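Here are a few notes to read alongside the structure. Have a look at the sheet first, then at the cores.

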Amino acid sequence: MPTEAQVLKTLTAHGIHPDAAQCEAISALIALLASIGQPARSAAINRPQGVYCHGLPGRGKSLMVDTVFELANYQKRRLHFHEFLREMNRRLVSAPRSDDRLGSVAKQWLDGIELLCFDEFHVHDIADAFLMGRFLDTAIDLGVRIVLTSNYAPDALLSNPEFHERFLPTIEQIKRNFTVIHFDGARDYRFGGEEAPLPHFFAPLDATTREALANIFERYEGDEALAPVTLSAAGRPLAARAAGAALLWADFEALCVANRSHLDYLDLAEQCQGLILDNLHTGWLATSHTLQRFIWLVDIFYDRKHALFIASDQPIEAALSGLEGAHDLSRTLSRLAEMQSRAYRNTLDGLTISPD
């Protein structure tokens with residue numbers, strides 16, 4: 001089991017000196033690991049079964065959790081919340097009918113897991129709320145240790161007043177069984193970093209941008225793959241400008257204006273390691289469904305540390321600032337800042353083709 005000193009040494013090696021909330025989280029995570037293999041409850045002891053880290057984007061929640069998680073020598077799993085929902089729904093579709101099909105599927109999913117980490121935990125939909133509530137009940141009963149990172153305090157989950165009351169038992173379950181830590185630092189650590197040597201965002205949509213995108217594609221794939229292609233995203237056709245072994249080049253209209261879901265982006269993120277998102281006319285972002293799809297896409301590619309190149313008619317950050325109508329836009333702006341910085345080590349790094 002890692003110690004606090006080991007965690008701090010690892011962070012220091014990367015030039016990171018934790019603030020008060022981050023140090024509190026490290027202590028809580030180490031205490032949680034120490035409880036693995038011990039009864040969660042007894043007559044005299046009521047140990048927390050989880051740690052819930054929440055706060056504004058870029059405050060180091062995922063960094064602290066991921067650092068401890070990597071050092072933890074247990075049967076463990078870490079995944080993005082979208083990915084978890086996809087897996088659970090696939091299993092539910094094929095599971096036999098029973099009085100508690102969701103509980104049975106949750107037990108099967110959790111089999112062999114001692115430590116489970118969900119990144120970017122959120123609940124905006126009543127169906128997801130019902131699924132998550134039963135899943136957490138099952139995980140806690142099984143003694144699985146759970147770590148959640150979120151932009152939302154527990155009381156702010158499923159904020160829709162039409163449904164919030166129905167999620168209160170799960171909120172109380174989290175508050176009762178988790179150590180809740182608020183990352184309240186003033187600084188978003190993703191902003192202000194040194195720019196990556198290869199530009200990632202381009203505006204406007206002119207000949208210079210077109211040449212830059214072609215050069216990026218050829219840098220990783222050569223010119224043989226530079227041709228239109230139709231591929232599949234979650235079983236639906238997607239017309240792309242080009243697709244190679246690692247990099248996909250597609251238009252924003254086909255990916256985010258068209259009727260797609262997070263399942264499409266999860267599938268694409270498994271097929272490629274980088275995306276050129278072209279012809280983004282920022283006026284489209286004023287439509288809430290389009291904006292929400294863009295947020296999902298950024299979330300999923302960021303979670304896998306994939307490369308993202310964006311070509312838009314005006315700078316993307318300026319176009320996004322002040323928009324409303326979708327969840328978690330502030331997190332998207334924070335992540336986009338990091339994705340174009342030198343600090344963002346993406347899965348395309350080191351994959352450039354050798355010159356002839």
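1. A quick definition to begin: two strands count as paired if DSSP finds at least two bridges between them. Helices (H or I, at least four residues) and strands (E, at least two) are DSSP runs, numbered from the N terminus. This is a predicted model, where local features need pLDDT of at least 70, side-chain atom pairs count only at pLDDT 80 or more, and totals for chains, interfaces and linings use all residues. Residues are numbered from 1 along each chain as its sequence is written, and side-chain values use heavy atoms, with hydrogens and water left out.

2. The open sheet has 5 strands, ordered β2-β3-β4-β1-β5, with parallel pairing. β2 (76–80) and β5 (178–183) each have a single partner strand, so one side of each lacks a neighbour in the sheet.

3. Now zoom in on β1 (residues 50–55): 5 bridges join it to β4 (residues 145–150). C53 has T149 of β4 as its bridge partner.

4. What lies across β1, β3 (115–119), β4 and β5? That's helix α2 (residues 20–34), running at about 160° to β5. Such angles run from 0 to 180 degrees between N-to-C directions, with axes fitted to C-alpha atoms, for helices over the stretch in contact (heavy atoms within 4.5 Å).

5. On to the nonpolar cores: sets of buried (under 20% relative accessible area, 1.4 Å probe, protein chains only) Ala, Val, Leu, Ile, Met, Phe, Trp, Tyr and Cys residues joined through side-chain atoms within 4.5 Å. In the largest, of 37 residues, L255 and F294 touch the most other members. Helix α11 (residues 288–303) supplies the largest share, 8 residues. Another core, of 36 residues, lies apart from it and includes L85 and F167.

Technical notes. Buried means under 20% relative accessible area, exposed over 50%, partly exposed in between (1.4 Å probe, protein chains only).
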